[in-house]
Amino acid sequence: MSYALVTGAAKGIGRGIAQSLAAKKYDLLLVDIDAQQLQTTADNIHTQYGVDVQTLHIDLSKEDAIEEIFVWSTPYQRRLHIVVSNAGYGLNGRFDTLALDEQLNMIDVNIKAQVKLAYRFIPVLKGFKQSYLLHVGSTTAYQPVPYLNIYAATKAFVVQFTRGLRHELRSSNISVSCLIPGSTDTDFVHRANMQAHTKKTAEKFNMSPEEVGKIAVRGLLQRKAEIIPGFTNKLNALLPRFFPHQFVAKIAARIYKPIEKTQPAETRYATGVTLV
């Protein structure tokens with residue numbers, strides 16, 4: 001059977017995508033920074049679906065991470081028909097109070113690693129009659145999002161990069177798609193240290209990662225350009241086009257702005273990191 005490579009596969013949407021691919025009897029190459037959770041996910045998928053599951057624990061912000069993934073996956077590349085670039089993370093807080101190194105690291109993971117992965121594996125995917133490349137964006141890509149600023153900007157890059165790449169490869173055997181999820185019941189809001197009011201808003205619209213994974217795989221195999229799971233998320237992707245950017249930014253800021261607590265000024269900031 002064919003293999004599928006999924007980054008950020010230990011939990012959340014990545015795990016949901018991996019499970020859905022396994023249900024269709026794809027063998028899996030799973031990559032994540034969380035070694036323990038990655039192995040747990042791999043064991044559960046193998047037990048439930050009986051597919052081969054190989055794992056690689058790696059930090060995608062490392063300069064040579066994609067090359068390490070490429071070398072590790074070499075024995076399976078003759079059957080590697082699907083590459084899913086899902087790994088990424090977010091930081092919640094005001095730009096000038098978040099650590100610059102953390103924000104640059106986020107760009108390394110959310111943008112640079114994805115670009116490198118596509119560049120390295122497109123020649124592999126060209127070797128088949130039909131193959132698939134999936135990038136994972138976010139509905140935040142369609143609007144300015146204060147206090148989730150750099151994350152939203154990286155996802156805007158993902159959407160535009162995928163659109164351009166799909167056009168460039170339109171005459172090839174590779175179908176390029178972008179999954180654009182909204183609020184999903186993962187560790188994102190907790191690991192990003194988002195506050196109670198933000199979590200409460202997210203919970204109203206949460207989809208399960210398993211549901212998002214099923215929709216993603218179905219859309220991928222149908223060769224859809226952009227896959228937006230759920231009616232509310234489709235509205236969130238569409239409506240910002242009809243309002244001034246300042247108005248949209250103001251609404252988003254109400255959701256994501258950290259509420260300052262009474263404490264010394266030098267410790268007054270919000271920060272966090274999560275894989276999604």
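Which residues are buried in helix 2? Keep that question in mind as you look through these views. The structure is a predicted model, in which local features need pLDDT of at least 70 and side-chain atom pairs count only at pLDDT 80 or more, while totals for chains, interfaces and linings use all residues. Residues are numbered from 1 along each chain as its sequence is written, and side-chain values use heavy atoms, leaving out hydrogens and water.

**View 1. Helix 2 and its buried face.** Leu38, Thr41, Ala42, Ile45 and Tyr49 are the buried residues here; buried means under 20% relative accessible area, exposed over 50%, and partly exposed in between (1.4 Å probe, protein chains only). Seen down the helix axis, they fall within an arc of 100°, so they line one face of helix 2; the arc is taken from the directions from the axis to the C-beta atoms. On the other side, Gln36 and Thr47 are exposed. The buried residues pack against helix 1 (12–23), strand 2 and strand 3 (53–57). Just after helix 2, Gly50 takes a positive phi of about 70°.

View 2. The protein chain has 10 helices and 7 strands, where helices (H or I, at least four residues) and strands (E, at least two) are DSSP runs numbered from the N terminus. The 7 strands form an open sheet with parallel pairing, in the order 3-2-1-4-5-6-7; two strands pair if DSSP finds at least two bridges between them. Strand 3 and strand 7 (226–227) stand at the edges with a single partner strand each, so one side of each has no neighbour in the sheet. Strand 6 and strand 7 pair over 2 bridges, and Leu179 stands opposite Ile227 in strand 7.

**View 3. The largest nonpolar core.** A nonpolar core is a set of buried Ala, Val, Leu, Ile, Met, Phe, Trp, Tyr and Cys residues joined through side-chain atoms within 4.5 Å. The largest one holds 42 residues, and Leu5, Leu60, Ile69, Leu80, Val83, Phe121 and Leu133 touch the most other members. Helix 4 gives the most to this core, with 9 residues. In soluble globular proteins, nonpolar side chains tend to be buried together.

**View 4. Close-up on Leu80.** Not counting residues up to four places away in sequence, Leu80 touches Tyr3, Ala4, Leu5, Leu29, Phe121, Val124, Leu125 and Phe128; contact means heavy atoms within 4.5 Å. A second, separate core of 31 residues includes Ala4, Ile17, Val84 and Val136.
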